[in-house]
Structures are given as C-alpha cells and as structure tokens.
Amino acid sequence: FGSCSRKKAFQITKSFIPILEWLPNYRVKEWLISDIISGISTGLVATLQGLAYALLVAVPVGYGLYSAFFPILTYFFLGTSRHISVGPFPVVSLMVGSVVLSMAPDENFLLVSSNTTGLNKTLIDTESRDAQRVLIASTVTFLVGIMQLVLGALQIGFIVRYLADPLVGGFTTAAAFQVFVSQLKIVLNVSTKNYNGILSIIYTLIEIFERIGTTNIADLVAGLLTIVVCMAVKEINDRFKHKIPIPIPIEVIVTIVATGISYGADLEKKYNAGIVKNIPRGFLPPVPPVVSMFSQMAAAAFSIAVVAYAIAVSVGKVYATKYDYAIDGNQEFIAFGISNVFSGAFSCFVATTALSRTAVQESTGGKTQVAGLISAGIVMIAIVALGKLLEPLQKSVLAAVVIANLKGMFMQVCDVPRLWRQNKVDAMIWVFTCVASIILGLDLGLLAGLVFGLLTVVVRVQFPSWGGLGNVPGTDLYKNVKEYKNVVEPQGVKILQFSSPIFYANIDGLKSSLKSTVGFDAVRVYNKRLKALRKIQKLIKKGKLKATKNGIISDSGVANEAFEPDEDPEESEDLEIPTREIEIQVDWNSELPVKVNVPKVPIHSLIFDFGAVSFLDVVAVRSIRTIVKEFERIDVRVYFASHQDSIITKLEQCAFFDDNIRKDIFFLTVHDAVLHIKSQIMYKDIQDPIFEKISLMQESKEPIEFTETSRPEDELDVQEEAMRRLAS
C-alpha cells in the first residue's frame, strides 16, 4: 500500500473534482472574453431549446428552463469535458416523455362539467395533470441520476462500448423521426391521443392525418416559416463559418420576432393559436422524488441513463480529440449522476448534452466550462425576468425550432450506403436498430438493437473464416490456397487455418471445415475399412482368397468371388459384431479384392494452424482430442502449429495430453511442422524400403483371428460411438 501523502490526497481529490485541475490553469486574458461571448450565445440557444424540449417531455414549457439551468451548475465542478453544453437533448427528452405519458395519460384527469344546455362535456384537469407529469419527470431524472452514480462508482464506463457507432446512428435517426412526429402535431396544432409503447408513432401519424382538417392555419404558417428560415440560416452559418465570427443565433431572432408578431396581432384570440401561456417566474423550492414510482420506471430509467451518458461521452470525445485533452468515462458517469440527482430535486428532466448547442458553444469560441456557467446565467435571467415576455410565443414556433435542429440527425441516413459498402453487418445493425426503435419505441428499440448487435458478433464467431494453406515456393510462408495462385500444398499434408476462438458454438464449424479441407470423413473411412477387413476375413476363411507374402490373390482358375456388391447400409449381423480389427496390413489406396467402397485417404499428416485461435473451452478441447484420435486410427498424424502459450495451458488443464497425445505434436510455426513431417517420411523410407501391397503378419493359411484392439474407454465418447455406428 502506498503511503498517504498530501500530494496523493490532492491527486485523488482532483480526479473526483476536475475543476481543481483546470481552473487554476485558466488563462484569463486569452480565454475569458471568448468564454463570455460563447456563454451568451449558448445561453440564448439553451433558453429556447429548454422551452422547446419541454414539449417533448409533455410538461409545461417553463420547466424546460430549469432543465437548461440546474445541471450546468454541478457539471461545472465535476465534469471532465471542457466543451459540451449540458442540458436537455431531444432523444433523451422524448424517452422521459414516453415514461411521463404512460404513467400520467390524459384519461386519468378527466372532469365532467355539465353546462346550461344539459349536455355533459368532458374536460381535462390540466393543472393536476401537469403537476403530476412534472413530478414523474423529476422522479425519473432522480432515478437516472442514482443509476448513473452507481455505474460510475462501479467503474462501468466501458458499458458505452457496447453502443457501437452504427447502433447509435440508427437509434438517434429513429429518435429524430419520433421527435419529428411528436412535434408535427404541435406545428399543426392538432390534438391527438398520447399513444405510447409499440407502434405508437404509427398510431399518432394516422390520427394526425385523420384530423388534419382541424389544423390551425396561423400555427402552421408560423411553424413552416420558422423551419424554413432556421434551416436556411443554419446552412449559411455552415457554409460561411470561416467568414462569420459568430454563428447567427437564428433561433433567438426568430423567437423574438414570432413573440412580437403573436403579441401584436393577438393571434391567440383572433386565430385561436396555441401559445405558451404561462411561464412560472422565479425558482420553485426543491421537491423530493416519489420513491414508490421507482419500480414502475426502473427499466426505462436504466436505458435513459445509458443513452444520456453515451450521447454526452461520444460528443465530449469528439471535442476532446479536437483540442487534445482526455475525458474520463467513469468521472462523466459520476458528474451526470450528481447533476441529475441535483436537478431532479428542482423539477427538471434528464440532462445530457445537445449536439447543436455544443456546436454553438465551441464555434463561438468557448474554451472551458466557464462558458457553460455563463450560459446558465443567461438562462437564469430568462427564468427570473424574461419568462413573462415569452408567454405570447406560439408553441408551433418552438416545435419548429426542434424540427429544424433535427437535420443533422436525419442526415445520418446518408451513412447507410457507405456503411453497406464498408461492412454489411454494421449497415444491418444500423437499419435494424432504426426500424426497431421506430416500431417498438426508443427504450425497447435500443435493447433490440443491442441484442441484435451482440448476436451479429456471435454469428461472426460461429461462422469464422477458415481455409487450407499452401506454401509460397522458396519461403517459409503459408497462404490460403483459394486466395493465392502460386502456393503449393506439401505432398500428403493438409494444413487447416481456423480464424476464431474455438468454443461450443462453433465446434461443428471446425469439424465441417476440416472435412472440406481434407476431403473425407475420418469416421466413415474407419468404418468402411473395418467392413472391408471383415469381408476379406470371411473370404480367407472360405478359401476364396489366399494370403501370400505379397498380398492376397484368388485361387487360380476360380472366379474371384470377392468382388461382391457393396451392400450399403451394412448387413445387420455386421452391426452386432463388436468392432474388432484384423491383424492384416492393407495398403488402402491400392485396388482391393473386395467390392467395398473404401474412401481414399490421400494424406498422411494434418496440421492445424492455430495462430488466430485466442481461446478454447472444455467442449473444444474434448472435440479436438476426439479428432486427433479419429485421424490416428486411419494412420493420419495430426500436428498443431503457431498456437499461443495460453492454449497449451488450457489443454493441460482439460487433460488433453496422455501417452498417445504428447506435446511433441506442437510446433512454433507451420513451416517447422512441415519440415518435421518431411524428415519423418525420409527416415521411414530408409527404414522400410519395400512397400508391400498387402502383407500378412502371419503367413499360415489358417484363418486369422479377430483380435480386440485395446482402447481406453474414455477415448471416443458415447456420441462419437453412436456416430460411428450410423456412419456407413
């Protein structure tokens, strides 16, 4: 244990409170002016986006201002990114909104009022409904904060790695579509039911089109104008960003103009336009979360916690890379966790970062989170003083601001053709996540996308690439026979390269690729040989065949009845006879005197190239052991090459080695194994110069007895024995 020194204590404190790291090094002269300009621009955009994104959460617009203010205060002290602008984000706001709408639908707040004509008219008690929705939104935020804190404390920052770029792309595009539909009804000012859950987006669209006749023209015109103007000016900002010192804060200008027009023309009274109506002035006292609701919203809160974190970190990383500093994933979890717990107490909804706002903060010269703090100050002014001035603003203008900000997210669709060219699986993950998130809703869609992404990994591992290798002449290199023209396979040797960990899911893949490479099935060859031996044995007994030193010939002058048809499947009495081998040596590649179709075995050695195998499991070890035994029985030696050290350790742990399978079949490279095999064959040739076609161990003419081959019980497991019987 290291000693506890002041320096060490300060290091640990700095890692938990990053402001201690960067604030002392703050360059006031260089950075302060930029941060102030950036803070003011960002604050104006944040005020508007706060109001607009509150529509997504289905809470009164004013609460969006709190959500654009409180989270920044804590993030300023605890966050590690200098550039992100903390606050509401459309995707996350929509996810919170779906929880709010499912737990507090309009149906729960109906009032029946009888009017003078005696007809009953149902009204909605909006006041109590809104109060309940705010409570639910802030409780979700509190729970999300707790979850993020726990994940940060457990150092689970890596969880975001499972949200691959294609997955996040598909998910955010689907979310943009969901956001668009939810804002469309506000732009048209068409009242629809608040659908939730699976296919909700489709139902909402259907109902919008059914009721499109009730569209409020004043709202529609204002909304469309806002969208067109915002998108056009954003395009100008993008095109001429080098020439314009500060991007034109078009949302702010449009809002001010729209508010003025709405107030001057009294659109609400004359045209029944939907306006913001009331924005609470000043701050509300903190409210404790309703713990009893936690169980109902836990699953949704977890997905919100992960998505909010993933968006913030991925945006943060882009700017960290651009400006050459690092952000700490686990600390970000803690920073957002504390921010959400804190802001949850003040009736806010979940905070992450908004891409468009962060872009404003960075492009207007923001250097540190001081800009974030100043933007919070601007939002505070809006809450305390300017709130009242925005009350005549049409909601359709806010909705249009949201829609205009979705352009970047919709443009991600253009990534799909590029992804398809680069990697079809990634493109499939993108499309699947997008479709699933549109159909199932965002939380289930994200889960479905995650599962699909992990399944593609499993499938890729289950069907890995494999191939036979050949030698590049004059070198010790071995390359895939199918991909390289001039490679030569060593005579009598097959080399199989298998590029994947070997485990229970892909062991069948290994077996089938082995059969394809060597061109025969070892078990079937063995069974056929046994059958041929039995027939030779019978014919010798009957005197139809004679055994000579040079092989077996038929009696002279007698038709050789050995050539009887090969009855397949095997005769029933053959199956009953226990497997016995005859002590006859047969050259199985020569013409046999019996009509049994024994597959030729053109090889004497098999090499497994395990260079790309990173681990084996118990099933794999057992299967490889069986493969070795099966090939040894038909006189093919098996070798292993290019393996990692951990593989040998694993094989030892799983009792792979015994008297027959020793470590001398393992080689550092494929070439070493090939050289070893060649030297063995030369040695054998010197030892045994005469190749007899069929020699007999006994020269007597008496029938040769079957002798049981001694074989340990465990050698071929039950399943393999059954396969041997079935194989014919």
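**Close-up views of a predicted model**

K14 forms a salt bridge with E21, their closest N and O atoms 3.9 Å apart. A salt bridge here is a side-chain nitrogen of Lys or Arg within 4 Å of a carboxyl oxygen of Asp or Glu. E21 counts as partly exposed at 41%; that class runs between buried and exposed, the latter being over 50%. This is a predicted model, where local features need pLDDT of at least 70, side-chain atom pairs count only at pLDDT 80 or more, and totals for chains, interfaces and linings use all residues. Residues are numbered from 1 along each chain as its sequence is written, and side-chain values use heavy atoms, without hydrogens and water.

**D658 pairs with K629.** The closest N and O atoms of this salt bridge are 3.2 Å apart. D658 sits in the loop between helix 26 (645-653) and strand 14 (666-667), K629 in helix 25 (residues 618-633), so the pair ties together parts 29 residues apart in sequence. Helices (H or I, at least four residues) and strands (E, at least two) are DSSP runs, numbered from the N terminus. K629 is buried at 6% relative accessible area; D658 is partly exposed at 26%.

**D426 pairs with R460.** Here the closest N and O atoms are 3.7 Å apart. The pair links helix 20 (residues 424-440) to helix 21 (residues 442-462), with D426 and R460 34 residues apart. Both partners are partly exposed: D426 at 21%, R460 at 39%.

Key: Buried < 20%, exposed > 50% of the residue type's maximum accessible area, 1.4 Å probe, protein only.
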